[in-house]
Amino acid sequence: MPRKREFTDCDCVFDPSGEGNMKFVNCDIKLPAGGGAYVVDSGCGSGKSTVIRKIISQKYQEGILVVLPTIEECDKLENEIQGMGVPITVGNLHSKSDLFKTFLDYPASMSQFQVLIITQIRLFINDWSLFLPFNFSPLKSLNSTDWKNAMTGKGVQLRKWIFLDELATFIKPMAVIDSGILETLSYTDQHKTHNGEEGHLLSGNYYKHIYDPDRLKVVYDNQRNKFFTLKNKLSDFMTDMVLRYIDQHRKEILETKGEYVIRNRIQDYIFPSMQSKIIIWDGSGEPIFKKSSGIKLLTPTDKPYNSDIEFKEFKMPVKRDCLTAKMDKEINALADEMVRQINTLPLNESILFICWKNIRVNEINAYNKEFKETYKADTYDLVEILKQKLLKRKIPESRFAIIYRGSGKDKAVNDYKDFSAVSFLGEWKVPKDIVSVINDTYGCQCTYHDFRLTQMIQAICRIRIRQHNDQPITVFYSSDISNDLMYALFKYFKNHSNGKVTGISSPSPKARRETKYIFALIKLYSYDSKIRDAVWNDTPYSFSISLSDLSSIIPMGRSVRKWESYKGLINFLKEGYSITMTKK
């Protein structure tokens, strides 16, 4: 199926009610009228940036905030807006822009720009009171009530459009209250309450209290440790905001063990009847936001991709932590495997390898003399090592690229859009704490599995599948990557591509041995053989069964027989295999 339109034809057409029809390269998506919070998941390479620019050209007078991942993208958008031929006042705010010094000295001046562009990191380290107010609104740190009033049109005038181009996952705290600062801002006595505020109980009937607001400011000003090191109007504003936050969250802060982190959470700016639109533009947002309550997922009715996709597993010879006595042998084996993969492709095609940033070594000996002399460290740059290995094997640099996971090049870039294959070298893991931060920031219910899945989707979509020209791609993956994760990835593209997706069959009991429901699934084969056919043919299926038959096939012990007792199995069948089991 060919692409719907060229990038130059991407647009957003609004009807009189305010509803928009977003026209992407590969699909159309309706944008609801009025305010709200949304994730636009149109697939990668769909022309999201073009649609954003078309909305800017039509809605700039309503006030727009655009949040971009990098300084380079901010500069590019500023130049493009200035070249639109429309009299738009645009502010480009980042640490290297001319506007930055003005921001430090006169932070309230950001409200004068019809379109304000900032980097993702600034969205989280500065209060939104600096960016959302519009038309020379007074500088004021807004509390939750203020925000609710403003978002619903009853307070400070706000920008009507807030765009986050790509989901921000590097979420820095706005401020951190460590034990040293807290000790300075608090005192201990034997009084349970002060001014109606209950303190935190310590041993021996002593209570810890935070100073009252006036005293809190005086004490903070006289201490050495500061929340913000620079001395300017912005730091003054942010300091006052943090002190007010401390005053409003006394009990919670006192009861927290270790550091207390203050974060700018997007979910705190979402209200019923809000008039502004918060839109996150992300081509793989579905796994993360499918269970979100406050942010609505907007997806196309058509499948966003057209490529045939073949998955191919290979044995991974290298471990992340390895002895140097084995390192040379294992690295050479991996390099040979990479050469084999390259040679499976036509001579005019290239492959993107994605590996760990480094490998850690825990002994040094003469066996690895080559590495010991070349790399003077206990941690080796795997990207550079593998690159040199391929060059020594006479592989032209035009045939491959190697990047490390989390480099930023494995998402939101077009550098590899002509490559026909991608290869995942090594197990795909991410820091587990990032998932809790994402859920807290966006108000979603993403799992560790969901986040890893969306990262791999992004990585695959760096290559030519993003061009939407029906070109086939190959996905190589190492044997140490989770079977569940790879099957979920396979299922995602099977559900999102009009092409053939092959190479991974439905997981066998061995592949999903950690899932307790797999044996229950197998038992159901005897009840309805079509269940087995649906599993192995990877096709949706629905069936009904009485509670008595179900409990006979899959007993639930001595507990009272209830249909609700099988909720876990029902969800497992639905989410893992698209099999719907209903009560007869």
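Biologist: Which residues point one way from β5, and which the other way?

Modeller: This is a predicted model. Start with the general idea. In a regular strand the side chains alternate between the two faces of the sheet. Now the case here. Ile 64, Val 66 and Leu 68 point one way from β5. Leu 65 and Val 67 point the other way. All of them are buried.

Biologist: Which strands are joined to β5, and by how many bridges?

Modeller: Strand β7, residues 115-119, is joined to β5 by 5 bridges, and the two run parallel. Strand β8, residues 161-165, also runs parallel to β5, with 4 bridges. Val 66 stands opposite Ile 117 in β7. In β8, Val 66 stands opposite Phe 163.

Biologist: On to helices. Which residues of α13 are buried?

Modeller: The general idea again comes before the case. An α-helix has 3.6 residues a turn, so residues three or four places apart point the same way. In α13, residues 382-392, the buried residues are Leu 382, Val 383, Ile 385, Leu 386, Lys 389 and Leu 390. They cover an arc of only 165 degrees around the axis, which puts them on the same side of α13.

Biologist: What is found at the start of α13, and what just after it?

Modeller: At the start, a side-chain oxygen of Asp 381 comes within 3.1 Å of the backbone nitrogen of Val 383. Just after α13, Lys 394 has a positive phi of about 65 degrees.

Biologist: How many aromatic pairs does the structure hold, and how is a pair described?

Modeller: A pair of aromatic rings is described by the distance of the centres and the angle of the planes. The structure holds 18 aromatic pairs. One of them is Tyr 305 with Phe 493: 5.9 Å centre to centre, 50 degrees between the planes, tilted. Tyr 305 lies in the loop between β17 and β18, and Phe 493 in helix α16, so the pair ties together parts that are 188 residues apart in sequence. Both Tyr 305 and Phe 493 are buried.

Biologist: Tyr 527 and Phe 543: buried or partly exposed?

Modeller: Tyr 527 counts as partly exposed, at 27% relative accessibility. Phe 543 counts as buried, at 5% relative accessibility.

Biologist: Which residues form one aromatic cluster?

Modeller: Phe 14, Trp 161, Phe 163 and Trp 281 do. A charge also sits at Phe 14. The charged end of Lys 59 lies over the ring of Phe 14, 4.4 Å from its centre. Elsewhere, Arg 215 lies over the face of Tyr 211, 5.5 Å from the ring centre.

How values were computed:
Residues numbered from 1 in each chain as written. Predicted model: local features only at pLDDT ≥ 70, side-chain atom pairs only at ≥ 80, totals over all residues. Heavy atoms only, no water. Buried < 20%, exposed > 50% of the residue type's maximum accessible area, 1.4 Å probe, protein only. Arc of directions from axis to C-beta. Polar contact = N/O pair within 3.5 Å; in protein donor to acceptor, adjacent residues only side chain to side chain. Pairing = 2+ DSSP bridges. Phe/Tyr/Trp six-rings, centres within 6.5 Å; stacked < 30°, edge-to-face > 60°. Lys NZ or Arg CZ within 6 Å of the ring centre and 35° of its normal.
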